Amino acid sequence: MSSSDSNKPSPEVMLAFYRRLYPFKSLFTWLNHDHVPSKLFTQREIAFSLPGDVYIRYNSFNTADELKKQVCQLNPTRFEIGPIYSARPRDRKTLRAGTLTPILRELVFDIDMTDYDPVRTCCSGADICKRCWVFISAAVRVMDSALREEFGYEKLLWVYSGRRGIHLWISDKEAMGLTDQQRKAVVGFLTVVQGGKESSKKLNIRNGGKLPPSLAKAMEYLKTVFGALILSDQECFQSKEGYEELLKAIPDSRVVDALRTKWEASPSRPSEDKWADLHRHNLMVALEDIIFNYTYPRLDIEVSKHRNHLLKAPFCIHPSTGRVCVPLDLDMIEKFDPKEVPTVQQLLEELDNLSKVQDPSAPREHHSDWEKTSLKPYIDILDRHAQSLVGETRKDNRSKPVSTSPRPLSVILDMGL
Amino acid sequence: MFKGGQSTSNDYGSFQVENFGTLKYPFTLNFYDEPPTFDVTIEDFETSALDRLRILAEIESSAARNRSWEETKQVTSAQCSKYLPLSPTMTKSLERDAQRRRDHLSHFVLRLAFCRSEDLRRRFVKAETTLFKIRYDEDIATEREAFLNSRDFNWIPVDPNEALSVDKDYRKSEKYYKVKWTRVPDLVEKRKVVLKGGWAYVPSRELSSIVFQEFEVRLEKALETTARLLPRLDEDTRIVPILDNLSQGFLSGISSDWANNSGQTNSDELKAEQIDDLAKKHFPLCMRTLHSTLQRDHHLKYAGRQQYGLFLKVLGLSIEESVAFWRKSFSGFTDDQFNKKYKYNIRHHYGLEGKRVNYPARSCMQLLMDSGASDHGCPYRTYSPENLQTALLSAYSPLGLRQSDLGEVMAAVNTKHFHVACTRVYEITHASNGVSKGQGLGNGESVTHPNEYAAKSMELLKSSEAMVVDS
Ligand SMILES: [Zn+2]
C-alpha cells in the first residue's frame with residue numbers, strides 16, 4: 001500500500017475515534033504523573049489543528065474529561081502537546097504581560113525518515129517500508145542507550161509518528177526541568193550527522209584522534225548494523241552514484257583512483273565486496289566516519305532545543321495514512337512494521353463487528369471499548385509507562401523534606417536612599 | 001586590568017597579617033550573593049551604574065563585531081581600568097575597598113534596570129558573565145584560588161579507579177571532578193566531558209566552566225526574583241527615571257549622551273553604535289520606520305534590509321560597522337544563523353558578493369514605485385492615513401512635530417504629493433536649526449533621495465554646533 005491520501009479519515013470517522021477509542025485517561029496520567037490533577041496537566045498547553053490550516057493554541061484543561069469534551073466538540077485532525085507554563089495558558093489574556101512562561105516540558109526528540117533520503121535506496125520522501133525502518137530502529141537503539149547510560153534517564157517513551165518517523169518523550173523529573181540551554185547541550189552531545197547533508201562528510205568528533213567513549217560505544221553497535229543494512233540490504237554502494245559518494249569520503253586520492261578503476265570495470269560488484277576492497281587500505285578513521293554517516297541517528301534538532309516546542313500527542317491519527325501514532329516497546333523495535341499499525345478505519349470496523357456479536361441489550365461502556373480492539377497492546381504500553389511515573393511521584397512525595405523557600409532578595413530598597 | 005603579575009612569596013607574605021575572611025570584600029571576584037546594604041547618594045547610584053554600563057556595552061559590541069576572546073579581553077580590561085578599576089587584594093591600595101564597593105553597587109543598580117524584560121535579562125546575564133570570565137582570567141592565580149576555596153562549588157573529586165571505569169583513556173596525571181551534567185551544558189554540548197548516569201566527569205583544566213555556569217545560573221535566578229519584587233520600587237520617583245535611562249542606553253548600544261560625554265572618537269568614521277541616535281535625529285520617515293521595526297523585531301524582511309542596508313552604506317557605514325550593526329540588531333539569531341543567512345546579504349550590498357556590483361541606495365522615485373507591501377517603500381504612500389499620522393508623531397514629536405502640523409502634511413499626502421509632505425516634515429523638524437517653510441533641504445529643494453535628507457540634516461546640525469562654538 002502506498003502512502004497516498006486514499007486513507008485520509010473523514011471527520012465522522014475522526015469523531016467516532018475520539019468518542020469511543022482515544023485513551024484520554026491514559027494520556028492524562030502520563031502527562032500528569034499522578035491520578036490527581038496537578039499543574040503538570042492543568043497548566044499544560046494543548047494546541048488543536050483543525051481542517052483548513054486552523055491552529056488553536058494556548059488551550060489548557062483541568063481534567064481528562066474536560067479535554068475529551070473539547071476534542072469531541074472541535075474534532076481536530078490532530079492535537080499537540082506543549083510545555084507546562086507558569087500559569088494556565090487559557091488564562092493568558094488576563095495575566096500580566098510576560099508572566100506566562102514555559103517552565104517544564106518533557107525532553108523530546110524527533111527522527112524523520114526523510115532525513116535519511118540520501119542514504120536509503122528502497123524508498124524516498126514520505127514512503128517508508130520495513131526495510132528502511134531498520135535505519136530508525138538503529139537510531140532508537142543508539143539514542144535509547146545514550147540517554148539512559150550517559151544521561152541517566154529512565155522514563156523514555158518511544159512513539160511511532162504515524163507515517164515515517166518516531167518521537168521520543170522523556171519524562172524524568174530532571175529532564176522535564178531542563179532549560180533551553182541544557183536541551184541544546186543534549187542535542188549537541190547526541191548530534192554527529194546533520195540530516196540532509198551529504199553522506200561523505202568528514203566528521204569532527206574525535207578528541208586527540210580518539211572517539212569519545214559515548215561514540216566509541218555507539219560505533220561498536222553501529223558496526224553490527226552497517227553490514228546487514230547498508231551493504232546487503234540497501235546496497236548503498238551498488239550504483240555508480242552510490243559508490244562515488246563513498247569514494248568522496250576517502251582522503252587518499254591514489255586509493256580512490258585505484259578503486260574507481262576497479263569498480264568501473266565490474267559494474268555489478270556488490271556493496272559488500274566494495275567495502276571489503278576498502279578494508280585492504282589503512283583507512284580506519286574514514287571507515288568509521290562512513291559508518292556514522294550512514295547509520296548514526298539523524299535528529300530534527302529544532303524539536304528538541306526549545307521547551308516550548310509543540311509535538312503531536314500519542315494516539316493521534318496521521319491525517320494522510322489514517323494510522324494511529326502508537327507507543328512502542330523497545331523490545332519490539334526491530335520487529336516493528338509500520339504497515340501493521342492499525343488504521344482508524346480498521347479499529348472502528350473492529351468495534352462494529354464486536355457490537356454485532358455482542359448481546360445488544362448489554363450496557364455499553366465506551367471507556368473500555370478499546371479493550372477489545374487491536375489498539376489494546378499499545379495503550380497497555382502507555383499505561384504501564386504512566387504507572388511508573390505515578391510510582392515515582394508517590395516516592396518523591398514520601399521523601400520530600402520540609403521545603404524551605406529561598407530568602408527573597410532585599411533589593412536596594414534598603415539602601416537608605 | 002591588574003598589573004599584579006607573578007607575586008613573590010615575599011610581598012604575599014607581608015600581607016598575611018590581613019585576614020581575608022574579615023574583609024568586607026575579600027576578593028576581586030564577586031558572585032554578588034548579597035545586595036548592598038550601605039547608604040549611597042543618588043549620584044553614586046547613577047554614576048557607578050553608568051560606568052559599569054560602558055563596560056557592558058563594550059562587551060556587547062565585542063560580540064557583535066566577532067572579536068576574538070583575546071581582543072575582547074583586552075578592550076574590556078581597558079574599559080575596566082578606566083571606569084571600574086579593581087585592585088588586587090595584595091596591593092595596599094587605600095581605594096581597594098571603595099573600588100570593590102563601587103563594583104558591588106553598580107552591579108546591583110544594573111540588575112534593577114535590566115530585570116524588567118526577558119530580552120534585557122538575557123543580554124545582561126551574557127554581558128555580566130563575560131565580565132566575570134575576563135576578571136577571572138586576569139585575576140592573580142593565588143587570589144583566584146583563594147576565591148574558589150571560599151565557596152562550595154559542590155564538585156566531587158573522583159578517585160582514579162572510578163575515572164578509569166568511565167574513560168579507559170583516563171590519564172593519571174589529571175584530576176577529575178564530577179558534577180551533575182546539567183551544571184556544565186557547554187562542556188556537554190561539545191562532548192568535552194565523559195558522562196555516566198547523569199554525572200559529568202570534568203577534568204581539572206575545565207573546572208572554570210562550572211564556576212562560570214554557576215555565576216550565570218545564579219544571576220539568571222536573581223534577576224527573575226528581582227523582577228517580581230520590582231513593582232515595589234515604582235514608588236520611588238527618583239530611581240525610576242534613572243533606571244529607564246539605563247536600560248534605554250543598553251538597548252541602543254550606549255546612550256548618545258554618554259558616548260558624547262566620553263569624547264567622540266574619529267568623528268568622521270560612522271560607528272554601528274551611533275546609528276540609533278542618528279536615526280532619531282536625522283532619518284526620513286521611510287528609514288526611520290525601518291529602523292524602529294528592526295529594533296523592535298530584531299529582524300527585517302529582505303526588501304526592508306535591502307532598502308535600509310544600502311541607505312546606511314551611502315550614509316557612510318563601513319562594511320565592518322555594517323556587519324556589526326546588523327549582527328547586533330538581529331539579536332535573536334545565533335552567530336551561525338546570522339553568518340549563514342544574513343551576512344552574505346550585507347556584504348552583497350557592498351558589492352563584496354554575488355555580481356560584485358556596488359549598488360546605489362534607492363532614490364525616492366524607486367521607493368515610490370516599490371509600493372507593494374507596507375513594510376518598506378515610501379510610508380507616505382504605503383501607510384493608511386491613521387497609521388501615517390501615528391508614525392509621524394511617534395518619530396518626530398521629539399524634534400518638534402505637533403499634532404497641529406499634521407493637517408498640512410496630510411493635505412499633501414492626500415493629493416499624492418509625497419515629496420512635498422516629506423519635505424514639509426523636514427522643515428518642521430529642523431525649524432530649531434533655523435529652517436523655515438519653503439526652504440526645503442536648502443534653496444527650496446525638495447526631498448528626492450533619503451540619503452540627501454539625512455546628509456542635509458546632519459550637516460545642518462554640525463554647522464549650527466560649530467556656530468555655537470565660534471561665538
Ligand atoms: Zn523503504
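Chain B is built from 22 helices and four strands. This is a predicted model, so take everything below as computed from it. Of the 471 residues in chain B, 50% count as buried. Among its contacts with a separation of 6 or more, 68% come from residues 24 or more positions apart.

Chain A, for its part, has 15 helices and nine strands. It holds 417 residues, and 53% of them count as buried. Here, residues 24 or more positions apart supply 70% of the contacts with a separation of 6 or more.

**A helix pair in chain A**

Two packed helices are described by the angle between their axes and the distance between the axes. For helix α5 (residues 133–150) of chain A and helix α7 (residues 180–190) of chain A, those values are about 125° and 11 Å.

Which residues make the contact between α5(A) and α7(A)? On the α5(A) side you'll find A:M143, A:A146, A:L147 and A:E150, and they meet A:V186, A:F189 and A:L190 in α7(A). Sorted by type, the residues of this contact come to six nonpolar, no polar and one charged.

**Salt bridges**

Side chains of opposite charge can pair when their charged atoms come close. Over all chains, a search of the whole structure turns up 58 salt bridges. Here are three of them, with the N to O distance for each pair.

| Residue | Partner | N to O distance |
|---|---|---|
| A:E244 | A:K240 | 3.5 Å |
| B:E58 | B:R67 | 3.1 Å |
| B:R135 | B:D103 | 2.8 Å |

Start with the chain B pair B:R135 and B:D103, whose side chains meet at 2.8 Å, N to O.

Over in chain A, salt bridges with shared partners tie A:K240, A:E244, A:D257, A:R260 and A:E264 into one network. One of its links is the bridge from A:E244 to A:K240, with the closest N and O atoms 3.5 Å apart. Both residues lie in helix α9 (residues 240–248) of chain A; because they are four residues apart there, about one helical turn separates them. As for solvent, A:K240 has 46% relative accessibility and so counts as partly exposed.

Back in chain B, the side chains of B:E58 and B:R67 form the remaining bridge in the table, at 3.1 Å from N to O. B:R67 is partly exposed, with a relative accessible area of 25%.

**Around B:V158**

Now for a strand residue: B:V158 belongs to strand β1 (residues 156–158) of chain B. With a relative accessible area of 4%, which is under the 20% cut-off, B:V158 is buried.

What does B:V158 touch, leaving aside its neighbours within four places in sequence? The list is B:A163, B:Y176, B:Y177, B:K178 and B:Y201. Take B:K178 from that list: B:V158 and B:K178 are 20 residues apart in sequence, while their C-alpha atoms are 6.5 Å apart in space.

Terms used. Residues are numbered from 1 along each chain as its sequence is written. Chains are lettered from A and ligands numbered from 1 in the order in which they are written. This is a predicted model: local features need pLDDT of at least 70, side-chain atom pairs count only at pLDDT 80 or more; totals for chains, interfaces and linings use all residues. Side-chain values use heavy atoms; hydrogens and water are left out. Axes are lines fitted to C-alpha atoms, for helices over the stretch in contact, and angles run from 0 to 180 degrees between N-to-C directions. Helices (H or I, at least four residues) and strands (E, at least two) are DSSP runs, numbered from the N terminus. Contact means heavy atoms within 4.5 Å. Ala, Val, Leu, Ile, Met, Phe, Trp, Tyr, Cys and Pro count as nonpolar, Asp, Glu, Lys and Arg as charged, and the others, Gly among them, as polar. A salt bridge is a side-chain nitrogen of Lys or Arg within 4 Å of a carboxyl oxygen of Asp or Glu. Buried means under 20% relative accessible area, exposed over 50%, partly exposed in between (1.4 Å probe, protein chains only).
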